[in-house]
Amino acid sequence: MRDRLPFTVGEGFGDYLFLDGTTDFNTWWELPSGDQGLEVYVCTADGGHFAETPFYAAGDNYIYSRTRLALAPDGNARGHRELDYGARLSPDRRADNQQVEMQEIDLEVYWNRRYPGTDVYNVNITDPADTDSSVSYAYDLAIPGLARREGDTLIFATHLHQDLLAQRYGSLTERRYPLRFDYRWLANTRTVFELPPGMVPLSLPEAREMSLETSAGGPLASMFVSYEFSDGALIVTDELRIDAAEVSVADYAAFRGFLAAYERIQAQVVLVGPGP
């Protein structure tokens with residue numbers, strides 16, 4: 001017996017609108033993952049019929065990240081970060097931020113896992129009680145030692161954080177059963193590194209694009225990453241999409257290889273130094 005069941009409150013957008021009345025932090029367009037893709041019975045004035053609740057697409061469950069950092073000659077950095085969350089993660093972020101006094105502390109804990117000494121300030125997060133809007137973050141930060149100084153050059157990671165998805169979803173060499181996801185998602189990241197005056201990239205990774213289909217021919221996963229140097233700034237753009245609800249046993253090896261390749265891309269570094 002399920003502890004909650006979705007119910008419909010009428011028709012909208014040409015289809016039924018399903019809600020879960022037991023949730024605390026979801027708005028009407030954020031049907032919980034456990035309620036998606038279910039066969040349900042819809043009661044109508046003339047009886048009723050079976051229907052299926054929607055299964056949100058990757059584009060509905062988005063994370064958009066925008067970061068701009070000014071890199072100092074000693075390798076320290078200061079900047080600003082903004083994030084926008086879609087249907088799946090907005091409720092989680094509302095739940096996480098109920099204690100306003102912990103918002104800045106939680107963000108500093110997150111950043112200090114990779115960059116010890118990072119200071120987060122001027123935090124502005126959507127009101128956790130506001131269920132009329134998706135959740136967004138904006139804050140400033142100072143990161144000591146973002147880049148490593150070597151002579152007159154600086155070395156730093158092209159990606160501020162590593163998702164480690166191969167460890168999370170590809171830890172087994174093979175599977176006997178399909179790998180199922182709670183939801184499909186899209187993560188789009190744009191990071192602008194403002195280089196110290198006179199510095200330019202001395203080496204840049206190559207842009208990459210990969211896509212993976214299921215053995216049945218449908219989309220499974222895709223990604224792209226690009227690197228651009230313009231007006232004294234290095235711009236790194238990255239997008240990952242997971243478009244399938246599950247990975248079959250037959251597709252698991254290819255998916256595992258896809259995630260491993262993506263992890264290697266996120267682990268790359270760039271070298272910058274004095275320009276010509």
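## The pocket lining

Nonpolar residues make up 19 of the positions lining the largest pocket, alongside twelve polar and nine charged ones. Keep in mind that this is a predicted model. The pocket itself comes out at a volume of about 1200 Å³. Its lining runs to 40 residues, and those closest to the centre are Ile63, Arg81, Tyr85, Tyr110 and Asp163.

Which strand gives the most to this lining? That would be β12, spanning residues 185-194, with five residues.

## Aromatic pairs

There are eleven aromatic pairs in the structure. Take Tyr110 and Trp111: their ring centres are 6.0 Å apart and the planes meet at 85°, so this pair counts as edge-to-face, the cut-off being over 60 degrees. Tyr110 has already come up as one of the residues closest to the pocket centre. The two partners can be told apart by their accessibility. Tyr110 has a relative accessible area of 34%, so it is partly exposed. Trp111 has a relative accessible area of 0%, so it is buried.

Another edge-to-face pair is Tyr169 with Phe181, at 5.3 Å centre to centre and with 85° between the planes. This one links distant parts of the chain, twelve residues apart: Tyr169 belongs to helix α3 (residues 165-169), while Phe181 is in the loop between β11 (179-180) and β12. Is Phe181 buried or exposed? Its relative accessibility is 8%, and because buried means under 20%, Phe181 counts as buried.

Arg175 places its charged end over the ring of Tyr252, 5.7 Å from the ring centre.

## Two hairpins around β15

Now for the strands. β14 (residues 208-213) and β15 (residues 219-230) run antiparallel and are joined by six bridges. Ser211 is opposite Ser222 of β15. The two strands form a hairpin with five residues between them, and in the turn Gly217 has a positive phi of about 100°.

β15 also pairs with β16 (residues 233-242), again in the antiparallel sense, over ten bridges. To find a spot in this pairing, look at Tyr227, whose bridge partner in β16 is Val236. What separates the strands in the hairpin of β15 and β16? Two residues sit between them, and Asp231 takes a positive phi near 50°.

## Two exposed residues

Arg113 is in the loop between α2 (103-112) and β7 (119-125). With a relative accessible area of 67%, Arg113 is exposed. How far apart are Arg113 and Phe229 in space? Going C-alpha to C-alpha, they are 28 Å apart, with 116 residues of sequence separation.

Glu39 is found in strand β3, which covers residues 39-44. Its relative accessible area is 63%, and since exposed means over 50%, Glu39 is exposed. Glu39 and Ala51 are twelve residues apart along the chain, and their C-alpha atoms are separated by 5.7 Å.

Terms used:
Residues numbered from 1 in each chain as written. Predicted model: local features only at pLDDT ≥ 70, side-chain atom pairs only at ≥ 80, totals over all residues. Heavy atoms only, no water. 1 Å grid on protein atoms, 1.4 Å probe; cavity = no way out; pocket = protein on both sides within 12 Å on 5 of 7 lines; lining within 4 Å. Points joined across faces, edges and corners; volume = space filled by probe spheres on them. Helix = DSSP H or I, 4+ residues; strand = E, 2+ residues; numbered from the N terminus. Nonpolar A, V, L, I, M, F, W, Y, C, P; charged D, E, K, R; others polar. Phe/Tyr/Trp six-rings, centres within 6.5 Å; stacked < 30°, edge-to-face > 60°. Buried < 20%, exposed > 50% of the residue type's maximum accessible area, 1.4 Å probe, protein only. Lys NZ or Arg CZ within 6 Å of the ring centre and 35° of its normal. Pairing = 2+ DSSP bridges.
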